[in-house]
There are 2 protein chains.
Amino acid sequence: MTTADAPRRPRGRPGNDKETVLRRAIDLFNRQGYDATSITDLASDLGLTKSAIYHHFPSKEAILAAALDEALDGLAAAVASAADATRGDRAYDRLRATIEASVAILASHLPAVTLLLRVRGNSPLEQSALERRRRIDDQLAGLVGRAVAEGDLRADVPPDVISRLVFGTVNSLVDWYHPDGPIPPERLAALVSGVLFDGLHARF
Amino acid sequence: MTTADAPRRPRGRPGNDKETVLRRAIDLFNRQGYDATSITDLASDLGLTKSAIYHHFPSKEAILAAALDEALDGLAAAVASAADATRGDRAYDRLRATIEASVAILASHLPAVTLLLRVRGNSPLEQSALERRRRIDDQLAGLVGRAVAEGDLRADVPPDVISRLVFGTVNSLVDWYHPDGPIPPERLAALVSGVLFDGLHARF
């Protein structure tokens, strides 16, 4: 194996780097629940000692913090870049671009976003993640309200119900979507946005 | 209070009947998880002795079975009655009627359906509930496939993705819908079906 094949793998024992610990921890948290998973479980899953894990992360909560930051930073960046790309456009176009960017982040950071969506606020860290998530949701809900007011979204459904249905549809992707399945992440965003905005009916 | 106000309340201590035990158990299972809830917790929540609960249900699992049957019988009946009402119609119309009937059941049996959607197959009972749920989902997926084949549903999205998005949108209702909020159950079904089939765009 050349260096080019594995540019991020550090020298020494393979698979022991911080990134690997984080990936495997996120998978384990998603599989058996964060509260039910101990550093001992993670060490056993990775075939490492606990101190090898503590070399990278001071605590189990620090791993959760890194995972939630990955998801939230990605979603916040998606919202910001969609806003930049559609500056001056109608709220409808900005909303649609924002949904597509969010779906792309969800698809490409699926395990971290899955973990985020399961957080229930059981600790100050989880509460702060929920608060960041709420601020992102509020930005989207604001766009929905403006798009309805501008006459581009149907007015027979209350704006907060539109927001809830959009979040519900997008968030439920974590229950079935597989990035290595038949639909690549970049196509998923267009599919979901097409169905959400234009519906399932064949006339489109 | 007249008899007409509370036709199902039996004589004797109020709130101790089988139906009350079932309702409170479902709420408690949803709040703290079925596995984490004991008959002792339920007795304490109801202010009853454990034997008062065992008078109505032989075990915690029997309560879960009653709850899952409530949800599954309701959904199965919704699918069957929508099929009856649309016999001979195009698959699109039958699908739309089935979705609306399912949303109405979800809204009017929200706690039991919420519990059903959280079942992970941790016991033979849960596996059998998942199997019944899968058969209902398969009927809907079959209708989706036929409606696409008949040219009534958009063909640019794979039928199985359409099914997943429909299930995701409908199932996510349990995360935010409140039957005693501004949208009554009967209106919810029309709203969701309108958004799913015709989209969010204002042209409809």
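1. The model under discussion is a predicted one. Chain A is helical in its assigned elements, with 9 helices and 0 strands, and the order from the N terminus on reads α-α-α-α-α-α-α-α-α. Taken along the principal axes, the C-alpha atoms of chain A occupy a box of roughly 60 × 40 × 30 Å.

2. The contact between the two chains draws on 33 residues from chain A and 33 residues from chain B. Between them, chain A and chain B bury about 3,100 Å², and 67% of that area lies on carbon and sulfur atoms. As for polar links across this interface, the rule finds 17 residue pairs in polar contact, with both residues at pLDDT 80 or more, while the count of salt bridges between chain A and chain B is 0.

3. On the side of chain A that touches chain B, the elements that give two or more residues are helix 8 (159-171) and helix 9 (185-198) of chain A. Of the elements on that side, helix 9 of chain A gives the most, with 8 residues. Sorted by class, the residues of chain A that touch chain B comprise 19 nonpolar, 7 polar and 7 charged.

4. Within chain B, helix 1 (residues 18-32) and helix 2 (residues 39-46) make a pair whose axes come within 10 Å and cross at roughly 115 degrees. The crossing of helix 1 of chain B past helix 2 of chain B is right-handed. Helix 1 of chain B brings Thr20(B), Val21(B), Arg24(B), Ala25(B), Leu28(B), Arg31(B) and Gln32(B) to this contact, where they meet Asp41(B), Leu42(B), Asp45(B) and Leu46(B) of helix 2 of chain B. Classified in the same way as above, the contact of helix 1 with helix 2 in chain B holds 5 nonpolar, 2 polar and 4 charged residues.

5. Over all chains, the salt-bridge count comes to 26, whereas the interface of chain A and chain B has 0 by the rule. One salt bridge that can be inspected directly joins the side chains of Glu19(A) and Arg23(A), at 2.8 Å from N to O. Glu19(A) and Arg23(A) are separated by about one helical turn, because they stand 4 residues apart in helix 1 (residues 18-32) of chain A. In general, side chains of opposite charge can pair when their charged atoms come close.

Definitions and conventions
Residues numbered from 1 in each chain as written. Chains lettered and ligands numbered in written order. Predicted model: local features only at pLDDT ≥ 70, side-chain atom pairs only at ≥ 80, totals over all residues. Heavy atoms only, no water. Contact = heavy atoms within 4.5 Å. Buried area = accessible area lost by both parts, 1.4 Å probe. Salt bridge = Lys/Arg side-chain N within 4 Å of Asp/Glu carboxyl O. Polar contact = N/O pair within 3.5 Å; in protein donor to acceptor, adjacent residues only side chain to side chain. Nonpolar A, V, L, I, M, F, W, Y, C, P; charged D, E, K, R; others polar. Axes fitted to C-alpha atoms, helices over the stretch in contact; angles between N-to-C directions. Left-handed = near helix turned anticlockwise from the far one by under 90°.
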